[in-house]
Amino acid sequence: MYCEVVSSVPERAWTELRSLARDAAARAYAPYSMVTVGAAALTSDGTTVVGSNVENASYGLTLCAECSLVSDLVRGGGGRLVAVSVVAGDGEPLTPCGRCRQLLYEHGGAGLLVDAGEGRGPSTLGDLLPGAFGPEDLGTRRNA
C-alpha cells in the first residue's frame, strides 16, 4: 500500500539516522556549490540506507542525496522507506527539494516520516507534497 502511515519512530532511531546522514554528508562530492548533503532512511524491514549528493560540472546532472539513497535502497533489494533524515554539511536537517519529495514518494508514500530536527516532530511526506502523483495513479490515468 502506497499510503501506509507509520505512527512513530523512536527518538533513538532519529538520532541514528541523523548520525548516518551526517557521515554521508561528509562523503559527498560537492566541489561546485560546496553544499554537502547526506541522507539516511529506515526501511519497513528495519534496515537503513544512505546517500550523498554528487555534483557535476553540468549542474543539471547533479544527483541529490535522496537520489543516491533511493539507489542504495533498490540496490539492496528494495523495501519501503518509513523514515528519512536529510542533513546539510552543517549537520542540521534539510527539507528535501520538490524533485526529491517526488522520488521519495515513489518509495515511501504519503506516510513517509521526514525528519524536522531534534525536539521537533517529523512531517509526513504527504504534508510536504500534497496531492502527489504516484504509481497508484498510472492505472487510472492511462489513455483508453
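**Close-up views of a predicted model**

**View 1. The surroundings of Ser52.** A polar atom of the Ser52 side chain lies 2.7 Å from the backbone oxygen of Ala24. Ser52 belongs to strand S2 (residues 48–52), where strands are DSSP runs of E with at least two residues and helices are runs of H or I with at least four, numbered from the N terminus. With a relative accessibility of 13%, Ser52 counts as buried, a term that means under 20% relative accessible area (1.4 Å probe, protein chains only). Beyond its neighbours within four places in sequence, Ser52 is in contact (heavy atoms within 4.5 Å) with residues including Ala24, Arg27, Val37 and Ser68. The model is predicted, so local features need pLDDT of at least 70 and side-chain atom pairs count only at pLDDT 80 or more, whereas totals for chains, interfaces and linings use all residues. Residues are numbered from 1 along each chain as its sequence is written, and side-chain values use heavy atoms, with hydrogens and water left out.

**View 2. The largest nonpolar core.** This core, a set of buried Ala, Val, Leu, Ile, Met, Phe, Trp, Tyr and Cys residues joined through side-chain atoms within 4.5 Å, has 18 residues, and Leu69, Leu81, Val84 and Leu104 have the most contacts inside it. Strand S1 (37–43), helix H2 (65–75), strand S3 (81–88) and helix H3 (98–108) each supply at least two of its residues, and H2 gives the most, with four.

**View 3. The loop at Gly117.** Gly117 sits in the loop between strand S4 (113–114) and strand S5 (123–124), and is buried at a relative accessible area of 5%. Leaving aside neighbours within four places in sequence, Gly117 is in contact with Arg18 and Pro93.

Key: Buried < 20%, exposed > 50% of the residue type's maximum accessible area, 1.4 Å probe, protein only. Polar contact = N/O pair within 3.5 Å; in protein donor to acceptor, adjacent residues only side chain to side chain.
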